[in-house]
Amino acid sequence: PSPVLSVENLEVTYYTDLGRARALDQVSFTLRAGQKLGMVGESGSGKSTLALAMMRMIKPPGRIEGGRVVIGGTDLIGLDEQGMRHARLNKIAYIPQGAMNSLNPVMRIGSQMVDAVKAHLPDEPRSAVQERCYHALRSVDLDPGVFRMYAHELSGGMKQRVCIAIGILLRPSVIIADEPTSALDVVTQRQVMETIDRVQDEINAAVILIGHDMGLMAQFVDAVAVMYAGRLVEISSVREMFTDPKHPYAQALISSLPNLDNKGVFKGIPGLAPSLLRLPSGCAFHPRCPNAMETCTAVSPDLLTLANNRRVACHLYDAETVS
Ligand code: SF4
Ligand code: MG
């Protein structure tokens, strides 16, 4: 089946007083309908920048320098502002980190949902809009009575589910959720993940989950993408990533997990994440890499395809490339 989402050579640069920072460097991947991808990496590795770039929400001094984000045949990067406004929520929904704290405290949940629908479907009759909102609330396991409530009347988990409900109002084909479970307790985290799972099944969307809790993520995603210094360095199925990670950075991430099947909170690996303003030459990971070779300091490895459709950017595997 052809991919519903194709990100091709996406590049973002921040122009700061201290110099240029390449926040996203040639990021490419595809997702099929119904696929779930977990996106992991240290803070500053480019996960949130990737989400913002896909939504065309990069703010100056940042700039999208090139690449394509193709959803259902449309390249979002090529759309004008109006076209992009329409695409948001319709083709691609974004649930930003801390979304639940950005609900308007003085507006009823229902009004916020109605506004979101009206912005895209100004001609939809009032009753249909309301039914759409009720349906979305039921899909995330909330009582339609929440429609008349205010954010402060809801628990953290309920607020996060409201944000997911808003995200699916227009049944987008791609949903990006940035740290959707941070600041929630363990039981609620699981419920929120199960909710995402269920709405994804219902609308058959491709989902990108950005997070740092590898253990929690592993139970809900199909594949894991690892980012380092603005680049994708490995994409593998969950099973392969956890049992046989290829990239030395992915190996370090996995081996730093205290326990694979419960609290896999990533605490970091030795050495400092590089400043995007002053990236090491060649492979940006080389100063921290136990396997670094001479060529690593000079040549940046491409993200190549290995057997089983795994993708790895590391010179150790140059000879194993299948395409
Ligand atoms: Fe390590 Fe070289 Fe692979 Fe980079 S390319 S991860 S430095 S072995
Ligand atoms: Mg982030």
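# From the ligand to the sheets and a helix

Start at ligand 1. It is surrounded by 14 residues, and the closest are C283, H286, C289, C296 and C314. The model is predicted. What classes of residue make up the shell around ligand 1? It has 10 nonpolar and 4 polar residues, and no charged ones.

Now turn to the strands. One open sheet holds 8 strands. Read across it, and the order is β6-β7-β8-β3-β9-β10-β12-β11. The pairing in this sheet is mixed. Which strands form its edges? They are β6 (92-95) and β11 (304-305), and each pairs on one side only.

Look inside this sheet at one pair. Strand β10 covers residues 231-237, and strand β12 covers residues 311-312. The two are antiparallel and pair over 2 bridges. To find the spot, look for I235, which stands opposite R311 in β12.

A further open sheet has 4 strands, in the order β2-β1-β4-β5. Here the pairing is antiparallel. Its edges are β2 (19-31) and β5 (74-75). Each has a single partner strand, so one side of each has no neighbour in the sheet. Strand β1, residues 5-16, runs antiparallel to β2, and 9 bridges join them. Across this pair, L10 stands opposite V27 in β2.

Next comes helix α6, residues 186-203. How far apart should its ends be? At 1.5 Å a residue, its 18 residues should span 26 Å. The end C-alpha atoms of α6 are 26 Å apart, which agrees.

Which residues of α6 are buried? They are V192, M193, T195, I196, V199 and Q200. These cover an arc of only 155 degrees around the axis, so they lie on the same side of α6. An α-helix has 3.6 residues a turn, so residues three or four places apart point the same way. The other side of α6 has exposed residues: V186, V187 and D201.

What do the buried residues of α6 pack against? Their partners include three strands of the sheet described above: β3 (36-40), β7 (174-178) and β8 (206-210). They also pack against the helices α4 (126-139), α5 (156-167) and α7 (214-218).

Finally, step past the end of the helix. N204 follows α6, and its phi is positive, near 55 degrees.

Methods. Residues are numbered from 1 along each chain as its sequence is written. Chains are lettered from A and ligands numbered from 1 in the order in which they are written. This is a predicted model: local features need pLDDT of at least 70, side-chain atom pairs count only at pLDDT 80 or more; totals for chains, interfaces and linings use all residues. The expected span of a helix is 1.5 Å times one less than its number of residues. A residue is buried if 20 or more other C-beta atoms lie within 10 Å of its own, exposed if 12 or fewer, and partly exposed in between; C-beta atoms are placed from the backbone. The arc is that of the directions from the helix axis to the C-beta atoms. Two residues are in contact if their C-beta atoms, placed from the backbone, lie within 7 Å. A residue is near a molecule or strand if its C-beta atom, placed from the backbone, lies within 6 Å of it. Ala, Val, Leu, Ile, Met, Phe, Trp, Tyr, Cys and Pro count as nonpolar, Asp, Glu, Lys and Arg as charged, and the others, Gly among them, as polar. Two strands pair if DSSP finds at least two bridges between them.
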